[in-house]
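The sequence and the structure come first.

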Amino acid sequence: MLWVKAFHIVFVASWFAGLFYLPRIFVNLALVPPGSEAERARLLLMARKLLRFTTLLAVPAIGLGAWLWLGYGIGRGPGNGWMHAKLFIVALVLGYHHACGALLRKLEAGTLQRSHVWFRWFNEIPVLMLTAIVVLVVVKPF
């Protein structure tokens, strides 16, 4: 079980690293001056590759987490309300990940007009979700 838990943590940390950096690329895309097509193309390529890699990291993170929950019974049974809250936040993380993909498609199509400030705030969301997950898992408040 400890091996599964260790690799779950590694893949979650790696997945979140991608979720932290991808919106940062969006900030830079919002700052690209009109006519800087080479810079825009380079940032879009970086974002596409990072989203693909981040998605690949999410799969084992979720699979290993499911193995810990369903296979080893971590968080199951009475007195484990923290796990329900954690799973809810994980669902929000998946939604955020999906939203990043949707934003990237709109940025590629040139149909998204958000400011760099909006993307900077959007970039803080995974930090809050990761903080909540870690507190729930470590403190187990309910």
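How many salt bridges does the structure hold? The structure, a predicted model, holds one salt bridge.

## The salt bridge

Arg48 and Glu108 form the salt bridge, with their closest N and O atoms 2.5 Å apart.

Arg48 is partly exposed at 34% relative accessibility, and Glu108 is partly exposed at 31%.

## Overall layout

The secondary structure consists of five helices and zero strands. Read from the N terminus, the order of elements is α-α-α-α-α. The C-alpha trace spans about 60 × 25 × 20 Å along its principal axes.

The chain has 142 residues, and buried residues make up 35% of them. Among contacts with a separation of 6 or more, 77% are between residues 24 or more positions apart.

## Nonpolar core

In soluble globular proteins, nonpolar side chains tend to be buried together. Here the largest nonpolar core has 34 residues. The members that touch the most other members are Trp15, Leu22, Phe26, Leu29, Val93, Leu107 and Phe119. Two or more residues of this core come from each of helix 1 (2-31), helix 2, helix 3, helix 4 (116-122) and helix 5 (125-139). Helix 3 gives the largest share, ten residues.

Which residues does Leu107 touch, not counting those up to four places away in sequence? With that exclusion, Leu107 touches Phe26, Leu29, Arg40, Leu44, Leu112 and Phe119. Of these, Phe26, Leu29 and Phe119 are also listed with Leu107 among the core residues that touch the most other members.

## Aromatic rings and charges over them

The whole structure contains eight aromatic pairs. One of them joins Trp15 and Phe16, whose ring centres are 5.8 Å apart. Their planes meet at 55 degrees, so the pair is tilted; the edge-to-face class would need an angle over 60 degrees. Both residues lie under the 20% limit for burial: Trp15 is buried at 3% relative accessibility, and Phe16 is buried at 3%.

One aromatic cluster is made up of Phe26, Tyr96, Trp118, Phe119 and Phe122. Trp118 also has a charged neighbour: the charged end of Arg114 sits over the ring of Trp118, 4.3 Å from its centre.

## Lys140

Lys140 is in the segment after helix 5. Its relative accessible area is 43%, so Lys140 is partly exposed.

The backbone of Lys140 has a positive phi of about 50 degrees, although Lys140 is not a glycine. Most residues other than glycine have a negative phi.

## Asn80

Where is Asn80 placed? Asn80 is in the loop between helix 2 (37-71) and helix 3 (81-109). Asn80 has a relative accessible area of 16% and is therefore buried, as the limit for burial is 20%.

The side chain of Asn80 reaches two backbone oxygens: that of Arg76 at 2.7 Å and that of Gly77 at 3.4 Å. Leaving aside neighbours within four places in sequence, Asn80 is in contact with Gly75 and Phe142.

## Val59

Is Val59 buried or exposed? Val59, in helix 2, has a relative accessibility of 57% and therefore counts as exposed, the cut-off being over 50%.

Val59 and Gly35 are 24 residues apart along the chain, and their C-alpha atoms are separated by 38 Å.

Conventions: Residues numbered from 1 in each chain as written. Predicted model: local features only at pLDDT ≥ 70, side-chain atom pairs only at ≥ 80, totals over all residues. Heavy atoms only, no water. Helix = DSSP H or I, 4+ residues; strand = E, 2+ residues; numbered from the N terminus. Buried < 20%, exposed > 50% of the residue type's maximum accessible area, 1.4 Å probe, protein only. Polar contact = N/O pair within 3.5 Å; in protein donor to acceptor, adjacent residues only side chain to side chain. Contact = heavy atoms within 4.5 Å. Phe/Tyr/Trp six-rings, centres within 6.5 Å; stacked < 30°, edge-to-face > 60°. Lys NZ or Arg CZ within 6 Å of the ring centre and 35° of its normal. Core = buried A, V, L, I, M, F, W, Y, C linked by side-chain atoms within 4.5 Å. Salt bridge = Lys/Arg side-chain N within 4 Å of Asp/Glu carboxyl O.
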